[in-house]
Amino acid sequence: MNKTEKIIDSFTKYVIPCYTRNPLVIVRGKGSRVWDSSGKEYLDFFPGWGVGSMGHCHPKIVKAVKKQVGKLIHIPNNYYNELQAELARLLVKYSFPGKCFFCNSGAEANESAIKLARKHGNQSGRYEIITCDNSFHGRTLATVTATGQEKYRQGFQPLVPGFKYVPFGDITALRQTVTSQTAAVLIEPIQGEGGIQTALREYFHQLRILCNEQKILLIFDEVQTGFGRTGKMFCYQHFDIKPDIITLAKALGGGLPIGAIIAASHISDVLTPGSHASTFGGSPLVCSAAISVIETIINNSLLVRAQKLGDFLQRRLLDLEEKFPRLIKEVRGIGLMWGLELYRPCAAVVEECMQKGLLLNCTHKKVIRIMPALTVTRSQLKQGLKILAGVLGKSA
Ligand code: PLP
């Protein structure tokens with residue numbers, strides 16, 4: 001066995017097989033490039049399932065983490081730490097007045113938001129959470145219940161009670177589903193895992209009005225869309241409305257595990273001492289990385305960059321749609337979050353792209369998901385699109 005085979009063999013023997021893995025052992029990353037154990041180079045247009053928005057090993061993040069790791073890695077939340085304070089300040093600065101809670105992942109951030117909404121609603125007998133069909137909110141029992149896709153729930157029944165589902169983008173259905181027991185609506189501004197599904201700006205306006213009228217909390221799951229992915233710091237900022245809570249993770253830590261919620265001022269003190277906690281949440285090390293991510297986005301104008309490169313990517317993807325009308329059904333997205341829906345399953349296309357040195361994702365069977373780092377260069381985009389066009393051309 002060579003080294004790569006030995007590593008894969010160890011996974012087979014010792015790692016629980018709950019992931020479908022590609023036969024690649026990735027050993028190094030820099031910006032939008034990674035290298036496997038044989039030295040082969042790949043362009044990574046789906047870094048870390050949305051985690052790698054700054055690109056692999058961004059020098060500013062590496063520097064911040066190196067500085068912090070020798071000073072203080074973890075301190076529990078029964079003490080104060082200055083980096084958590086600074087990160088919370090920055091998150092509130094770039095969103096809306098409120099307070100933050102820190103945890104370690106997207107699912108945990110959604111759990112925290114659900115618990116906050118339940119505790120808030122309990123005062124008036126409200127406990128139901130409405131989410132959308134086709135959504136994705138995580139893999140814990142409550143968040144997999146919140147997730148509006150049957151395939152993720154199979155085998156885990158009984159699920160958590162108190163969740164209802166409505167079609168994404170349909171305000172009438174939502175209005176009909178709300179009752180006096182509805183505590184919150186939990187929604188992704190763009191359904192990522194669900195195949196880059198978008199809804200109209202008007203829908204989000206109506207949603208905000210409905211929640212105000214019915215005194216329901218509006219929770220935006222920005223785990224995938226946050227931190228510049230769509231060309232704004234947070235995706236809700238495209239709609240000129242403010243949610244009551246946003247949930248965050250993925251890109252926030254620049255690769256380190258961190259999740260967070262931001263809760264608006266009128267509900268930010270609902271979670272009182274002892275009612276919720278996370279041992280690792282907001283440790284100095286992960287906060288140093290997250291502060292550096294936000295500073296990098298601002299100091300390097302990465303939001304404008306994501307918009308400009310996004311426009312370029314959109315034009316090129318629409319060109320592909322025009323070139324392969326019988327293969328490509330639709331191009332959807334915004335900023336640097338794009339989906340290319342095919343008329344047929346896309347796994348083979350994505351696999352061939354990988355063999356040719358381009359890493360992409362296939363979601364919802366037929367949607368090629370493209371979410372490059374915000375630091376990707378135009379020439380890297382061109383190079384990747386050339387590989388994709390070649391592979392699509394062969395299968396058209
Ligand atoms: N919410 C959304 C919108 C996501 O895309 C994901 C992960 O893909 C999650 C929540 C869950 O995040 P995590 O895997 O960090 O628990």
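Helix H4 (residues 106-122) contributes three residues to the shell around the ligand, the most of any element; helices (H or I, at least four residues) and strands (E, at least two) are DSSP runs numbered from the N terminus. The structure is a predicted model, in which local features need pLDDT of at least 70 and side-chain atom pairs count only at pLDDT 80 or more, whereas totals for chains, interfaces and linings use all residues. Residues are numbered from 1 along each chain as its sequence is written, and side-chain values use heavy atoms, with hydrogens and water left out.

Around the ligand there are 13 residues, of which Gly 106, Ala 107, Asp 221, Gln 224 and Lys 250 come nearest; a residue is near a molecule if one of its heavy atoms lies within 4 Å of it. The shell comprises three nonpolar, six polar and four charged residues. Polar contacts are pairs of N or O atoms within 3.5 Å. A polar backbone atom of Gly 106 lies 2.8 Å from an oxygen atom of the ligand, and one of Phe 136 lies 3.4 Å from a ligand nitrogen. In the side chain of Asp 221, an N or O atom is 2.7 Å from a nitrogen atom of the ligand. On its own the ligand has 390 Å² of accessible area, 82% of which the protein covers (Shrake-Rupley method, 1.4 Å probe).

Val 15 is located in the loop between helix H1 (3-14) and strand S1 (26-30). This residue counts as partly exposed because its relative accessibility is 35%, the class between buried (under 20%) and exposed (over 50%).

Methods: Buried means under 20% relative accessible area, exposed over 50%, partly exposed in between (1.4 Å probe, protein chains only). A polar contact is a pair of N or O atoms within 3.5 Å; within protein, one must be able to donate a hydrogen and the other to accept it, and residues adjacent in sequence count only if both atoms are side-chain atoms. Ala, Val, Leu, Ile, Met, Phe, Trp, Tyr, Cys and Pro count as nonpolar, Asp, Glu, Lys and Arg as charged, and the others, Gly among them, as polar.
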